[in-house]
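Dear colleague,

Please find below the structure that I am handing over to you. I would be grateful if you would look through it before reading the notes that come after it.

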Amino acid sequence: MTEAADRIFVNGEVHTLADPGSGGDADDGGDAVHEAVAVRDGEIVRTGRTHDVELLAGVDTDVVDLDGRVLLPGFIDAHTHLTTVGRYLVHADLSAADSPDAAVDLLAERAAEVESEASGVEAPDGDGEAEDWVLGYGYDESTWDESRYLTRADLDRVSTERPVAAFREDMHVAAVNGVALDRFADALADAPDETVPTDDDGEPTGVLLEAAIDPIYRAVEPGPAETRTVVEAALEHCAARGITRFHDMVRDSHAPRVYRDLDAAGELTARVRINYWSDHLDAAREVGLATNAGSEMVETGAIKSYTDGSLGGRTARLSEPYADAPGETGQWVVDPDELNETVAEATEAGFQFTAHAIGDEAVDAVLDAYEDASRTDPGETRHRIEHVELADDDAIERLAETGVVASVQPNFLKWAREGGLYEERLGPERTAETNRYREMLDAGVELAFGSDGMPMDPLVGVHHAVTAPAAAQRLTVTEALRAYTSGAAYAGFDEDRLGTIEAGKRADLVALDDSPWERGDAIDEIDVALTVVDGEVVFDDR
């Protein structure tokens with residue numbers, strides 16, 4: 001007698017997103033291949049018609065009526081910074097600001113909250129002086145009529161008594177007020193000149209770039225209790241957006257412990273893959289961490305490094321100058337020689353490696369490091385490049401030939417629209433050559449989608465990939481969804497257990513209120529109705 005299922009999902013439009021050759025959906029999305037899914041012990045045990053799957057219903061089976069909703073594999077975000085996402089929710093969220101004044105107003109509201117919280121209350125989670133800061137995250141000046149970075153003058157309007165910091169959404173540019181500049185005068189004096197811009201009088205403008213931001217990051221890093229607060233807030237955000245697994249490019253030192261504590265307590269509502277910064281390589285080896293080691297819910301991923309900066313900060317490394325800054329071609333955050341050494345060490349130690357590379361010179365430098373310095377085939381170690389915003393034909397061919405994963409962020413295509421950030425920084429011709437997902441996929445590149453937390457919302461990314469302005473960038477709905485499910489699963493060695501709806505795989509699922517195939521011009525407006533992780537419902541908005 002067949003054992004009853006723990007939970008069955010019936011009367012749905014189930015898209016497996018498996019490859020067509022394995023009986024999955026057609027390349028254009030096609031019709032639903034199933035109506036129902038049965039789950040036992042967190043594993044998918046049957047898919048098919050509702051009538052057939054209902055045969056597995058027992059006395060204690062939870063029957064979930066999808067009422068025609070679209071059921072997909074759970075989304076996997078292959079690149080995010082979860083604690084930063086959580087800080088948007090806990091501190092000032094500047095992503096909605098449409099001008100410098102609006103950003104200042106949001107920071108002023110946060111300053112009033114900080115003042116109220118501090119009145120007569122001893123900070124429970126003090127980690128240095130971080131508790132007295134006024135913080136804001138996620139501004140994007142490229143969407144403002146007055147397209148400029150926030151400055152010291154702006155943030156001095158927020159407070160002249162407390163330090164204030166506002167981080168651009170790419171986290172490669174920050175602004176601080178006079179209090180913060182005074183507090184970190186010595187550290188900023190030691191920073192490279194190009195990372196601390198000055199005005200005509202030689203005074204710091206309050207804008208900080210790349211390495212100059214590091215002292216600020218260290219000062220505002222939350223302690224264990226606040227880290228747990230921001231992680232829990234971000235996990236709720238994930239569940240409401242159908243994210244069942246994410247690859248965290250961990251910035252905060254306490255986050256890995258928080259993930260493991262939540263896992264041990266059975267309170268973790270998404271699977272986590274922890275990618276450690278390269279300066280942690282020695283420590284990772286010493287404590288015996290290894291790529292793919294861990295539990296069902298928390299595991300070690302790659303060793304991560306930078307190469308260049310960002311297009312927003314004009315620090316991405318380009319072969320040709322910026323259109324709006326003639327003569328400037330960006331910066332090396334980590335120079336190629338150092339990158340080569342780190343890649344070789346990490347690969348020899350058996351770690352997957354992933355490197356941030358945005359400009360075309362940076363992409364080439366990473367591919368060189370993988371091909372020349374790695375001692376094993378990148379296709380076996382499954383090395384990755386994060387972002388790949390500007391890659392030429394040769395780089396795309398090399399990605400395909402070597403098996404290096406292109407871990408990309410389709411939400412960045414919001415900057416590819418007419419008059420957007422890419423056009424400002426690169427000009428129209430190079431704008432059309434950014435984020436070439438269509439050409440990468442056609443060339444055979446392994447494509448994985450993530451968000452970088454800008455925003456952490458897969459349906460926004462899918463929407464931009466499907467509606468991209470240039471043919472070289474544009475994917476079909478099914479292709480975009482696969483990049484956010486099976487493609488991201490492959491990037492984390494999870495293709496045998498996650499990424500599609502098939503018997504034998506873990507029951508990580510998301511139900512949508514509408515079909516993305518029927519709303520191709522407004523996928524970002526579709527609501528998530530239900531999110532399931534390992535067979536358990538973690539979000540239900542039906």
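Predicted model: local features only at pLDDT ≥ 70, side-chain atom pairs only at ≥ 80, totals over all residues.

Residues are numbered from 1 along each chain as its sequence is written, and side-chain values use heavy atoms, with hydrogens and water left out.

Overall fold

The chain contains 20 helices and 22 strands. Helices (H or I, at least four residues) and strands (E, at least two) are DSSP runs, numbered from the N terminus. Along the principal axes, the C-alpha atoms occupy a box of roughly 80 × 60 × 50 Å. A compact globule of 542 residues would have a radius of gyration near 24 Å, and the 23 Å of this chain agrees with that. The radius is taken over C-alpha atoms, and the globule rule is 2.2 Å times the number of residues to the power 0.38.

Sheets

Strands of a sheet pair through backbone hydrogen bonds, either parallel or antiparallel. Here, two strands count as paired if DSSP finds at least two bridges between them.

Y276 has I303 of β15 as its bridge partner.

Another open sheet has four strands, ordered β4-β3-β1-β5, with mixed pairing. β4 (43–48) and β5 (62–65) are at its edges with a single partner strand each, so one side of each has no neighbour in the sheet. Neighbouring strands in this sheet are turned by 15° against each other on average, direction ignored. Five bridges connect β3 (residues 36–40) with β4, and these two run antiparallel. The bridge partner of A38 in β4 is R46.

Pocket and cavities

Rolling a probe the size of a water molecule over the atoms shows where empty space is left. On a 1 Å grid over the protein atoms alone, a cavity is a set of points where a 1.4 Å probe fits but cannot get out; a pocket is an open set with protein on both sides within 12 Å along at least five of seven lines; and lining residues have an atom within 4 Å of a point. Grid points are joined across faces, edges and corners, and a volume is the space filled by probe spheres set on the points.

The largest pocket holds about 840 Å³ of space. It is lined by 25 residues, of which D214, Y217, W277, D279 and Y306 are the closest to its centre. At least two lining residues come from each of α2 (82–90), α7 (214–220) and α11 (336–348). The lining comprises eight nonpolar, seven polar and 10 charged residues. In these classes, Ala, Val, Leu, Ile, Met, Phe, Trp, Tyr, Cys and Pro count as nonpolar, Asp, Glu, Lys and Arg as charged, and the others, Gly among them, as polar. Domain 2 (85–220) and domain 3 (224–537) both contribute to the lining of the largest pocket, so this pocket lies between them. The domain bounds come from an automatic or database domain assignment.

There are three cavities of 30 Å³ or more. The largest cavity has about 150 Å³ of space. Of its 20 lining residues, D170, H172, H356, I358 and D452 lie nearest its centre. Domain 2 and domain 3 both give residues to this lining, so the largest cavity lies between them. The second largest cavity has a volume of about 70 Å³, and its lining includes D170, R251, D452 and M454.

Backbone details

M454 and P455 are joined by a cis peptide bond, with omega about -10°. P455 is in the loop between β19 and α18 (458–466). N11, although not a glycine, has a positive phi of about 55°. N11 is found in the loop between β1 (7–10) and β2 (13–14).

Yours sincerely

Note on methods. Axes fitted to C-alpha atoms, helices over the stretch in contact; angles between N-to-C directions.
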